[in-house]
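Keep the viewer open as you read.

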Amino acid sequence: MSITLLLGLLLGAVLWLSGAGGGMLVVPALVAGMGCSVQQAAPVALIAVAGSAALGALEGLRRGLVRYKAALLMACVGVPMTSLGVRVASMTSQHTLRVLFSMVMLVVAWRLLRPNRTGTDDELDEPSFLAEMGRINPETGRFDWNGATALLLAGIGAVMGFTTGLLGVGGGFVMVPLLRRFTQVPMHGVVATSLLVIALVGCGGVISALLHGATLPVGVTLAFSGATASGMVAGRLLSRHLSARKVQVSFACVLMAVALSLPWL
């Protein structure tokens, strides 16, 4: 139990410092620290990640940053896709899942280590055909809803939901780049909207895993989730004394180290 509490505290701090991407370390930590399989660790990890995402989503809702209609659409499509992801995971060998997880972590680390683009967070990416599908009406500040917009957001939700069920991660590393690239939502709105979807789809992923026979140790789950919440408080205090770029680079280095070792654990 002491290992569970320590892992929760450390990962909670990482979750706050690194944002949604920190959830990628939860499954490897449970696999290495507690001897769980990826399938066993996934629902425990999703509860911790979904809980932390819900806290961030509530703050985003309070500040009016969440595109709640888009979030609900993506969640409605993403939740059923978690069931498909869980089913595929149950038919996949442990080694294959670990290798796949490692590859995803290396991609995320590479994106984090790339030099920051010039400009502010609210500047949009270069125009693209798909960006027109996610167009924001300059008069209302809301999506220009049409069939193409709904199809784009549903596709993003489907990819995110499948990834959540397959790997037991929140899916923010998939959703944030896609929303940023193919819609005109500013970065702060992208993150806030993604957090709400992560919270909703994460809950769906837990339910799907349980329906497919996964076991959820109640004591360990409660202890880990509580320790994660405490760690987030500590991470919030630490964030006042650390630069965002240093945290980003450090997190990317940790991701690479874990990714290279995970297949051999």
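Let's start at threonine 164, which is buried, with a relative accessible area of 0% (buried is under 20% relative accessible area, exposed is over 50%, and partly exposed is in between, with a 1.4 Å probe and protein chains only). Threonine 164 sits in helix H7 (helices are DSSP runs of H or I with at least four residues, strands are runs of E with at least two, and both are numbered from the N terminus). What does the side chain of threonine 164 reach? At 2.9 Å there is the backbone oxygen of methionine 160.

A word on the ground rules: this is a predicted model, so local features need pLDDT of at least 70 and side-chain atom pairs count only at pLDDT 80 or more, while totals for chains, interfaces and linings use all residues. Residues are numbered from 1 along each chain as its sequence is written, and side-chain values use heavy atoms, with hydrogens and water left out.

**The fold**

You're looking at 11 helices and zero strands. Of the 265 residues in the chain, 45% are buried. Taking the contacts with a separation of 6 or more, 81% are between residues 24 or more positions apart (a contact means heavy atoms within 4.5 Å). The accessible surface is about 12900 Å², and 68% of that belongs to carbon and sulfur atoms (areas come from the Shrake-Rupley method with a 1.4 Å probe; for residues, only the protein chains shown count as cover).

**The core**

The largest nonpolar core has 57 residues, and Met74 and Leu255 touch the most other members (such a core is a set of buried Ala, Val, Leu, Ile, Met, Phe, Trp, Tyr and Cys residues joined through side-chain atoms within 4.5 Å). At least two core residues come from each of helix H2 (26–34), H3, H4, helix H5 (94–113), helix H7 (147–167), helix H8 (172–182), helix H9 (187–211) and helix H11 (244–261).

Which residues does methionine 74 touch, leaving out those up to four places away in sequence? They are Leu153, Ile156, Gly157, Met175, Leu179, Thr193 and Val197. Glycine 155, in helix H7, is partly exposed at 33% relative accessible area.

Over in helix H9 is serine 208, buried at 8% relative accessible area. Serine 208 touches Val79, Thr82, Ser83 and Val86, again not counting residues up to four places away in sequence.

Proline 28 lies in helix H2 and counts as buried at 3% relative accessibility. Not counting residues up to four places away in sequence, proline 28 touches Phe101, Met105, Val258 and Leu262. Leucine 112, in helix H5, is buried too, at 17%.

| Pair | Sequence separation | C-alpha distance |
|---|---|---|
| Proline 28 and proline 263 | 235 residues | 9.9 Å |
| Leucine 55 and alanine 229 | 174 residues | 9.9 Å |
| Leucine 112 and cysteine 253 | 141 residues | 9.4 Å |

**The surface**

Leucine 55 lies in helix H3 and, at 51% relative accessibility, counts as exposed. Leucine 55 also belongs to a nonpolar surface patch of about 560 Å², made together with Leu58, Leu61, Tyr68, Leu72 and Leu200. Helix H3 (38–62) and helix H4 (68–90) are the elements giving two or more residues to the patch, and H3 gives the most, with three. Tyrosine 68, in helix H4, is partly exposed at 41% relative accessible area.

For the patch, residues need over 30% relative accessible area and no salt bridge, with nonpolar side chains (Val, Leu, Ile, Met, Phe, Trp, Tyr) joined within 5 Å and like charges within 9 Å. A salt bridge here is a side-chain nitrogen of Lys or Arg within 4 Å of a carboxyl oxygen of Asp or Glu.

Note on methods: A polar contact is a pair of N or O atoms within 3.5 Å; within protein, one must be able to donate a hydrogen and the other to accept it, and residues adjacent in sequence count only if both atoms are side-chain atoms.
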